[in-house]
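This report concerns a single protein chain. Please consult the sequence and the model together.

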Amino acid sequence: VQLQASGGGLVQAGGSLRLSCAASASGTIFSINAMGWYRQAPGKQRELVATITSGGRTNYADSVKGRFTISRDNAKNAVYLQMNSLNSGDTAVYYCNLKGLKNSGAGMDVWGKGTQVTVSS
């Protein structure tokens, strides 16, 4: 299973971006427990941005609550992140993550390659 993320780029402060991430080789996936987005700014550790379970339960970092919205399309094994009111603190590489089970019963904890989001002030 591989994750392909897209939608990053350069935006001015106050602007919006929408990130997308889809899982390939979906035929090997038995179930997805949760998908989410994490980010890593230069010199900082990777941190949680938002996650969403297969049932639609969401969890957000305090720093993005009210500005970011996570959603998913279970049929497409895809997850999205709508980011509004962006500020310089949101500048980071954003990583997509999937946690679930393969058809073989093995657990999955898959990371995408990351997409750069840069917010200019």
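The model is predicted: local features require a pLDDT of at least 70 and side-chain atom pairs a pLDDT of 80 or more, whereas totals for chains, interfaces and linings use all residues. Residues are numbered from 1 along each chain as its sequence is written, and side-chain values rest on heavy atoms, with hydrogens and water left out.

**Architecture.** The chain contains zero helices and 11 strands, so defined as DSSP runs numbered from the N terminus (helices H or I, at least four residues; strands E, at least two). Its order along the sequence is β-β-β-β-β-β-β-β-β-β-β. The C-alpha trace spans about 50 × 25 × 20 Å along its principal axes. The radius of gyration of the chain is 14 Å, which agrees with the value near 14 Å for a compact globule of 121 residues; this radius is taken over C-alpha atoms, and the globule rule is 2.2 Å times the number of residues to the power 0.38. Among contacts with a separation of 6 or more, 54% join residues 24 or more positions apart, a contact being heavy atoms within 4.5 Å.

**Core.** Buried residues account for 42% of the 121 residues, where buried means under 20% relative accessible area, exposed over 50% and partly exposed in between (1.4 Å probe, protein chains only). The largest nonpolar core comprises 32 residues, and W37, L81, M83, Y94 and L98 have the most contacts inside it. Such a core is a set of buried Ala, Val, Leu, Ile, Met, Phe, Trp, Tyr and Cys residues joined through side-chain atoms within 4.5 Å. Leaving aside residues up to four places away in sequence, M83 touches G15, S16, L17, L19, R67, F68, Y94 and V117.

**Surface and charge.** The chain exposes about 6300 Å², of which carbon and sulfur atoms supply 47%; the area comes from the Shrake-Rupley method with a 1.4 Å probe. There are 12 positive and 5 negative side chains, and the centres of the two sets lie 4 Å apart. Lys and Arg count as positive and Asp and Glu as negative, without His and the chain ends, and each charge is placed at NZ of Lys, CZ of Arg, CG of Asp or CD of Glu.

**Backbone sites.** Most residues other than glycine have a negative phi. Two exceptions are tabulated here.
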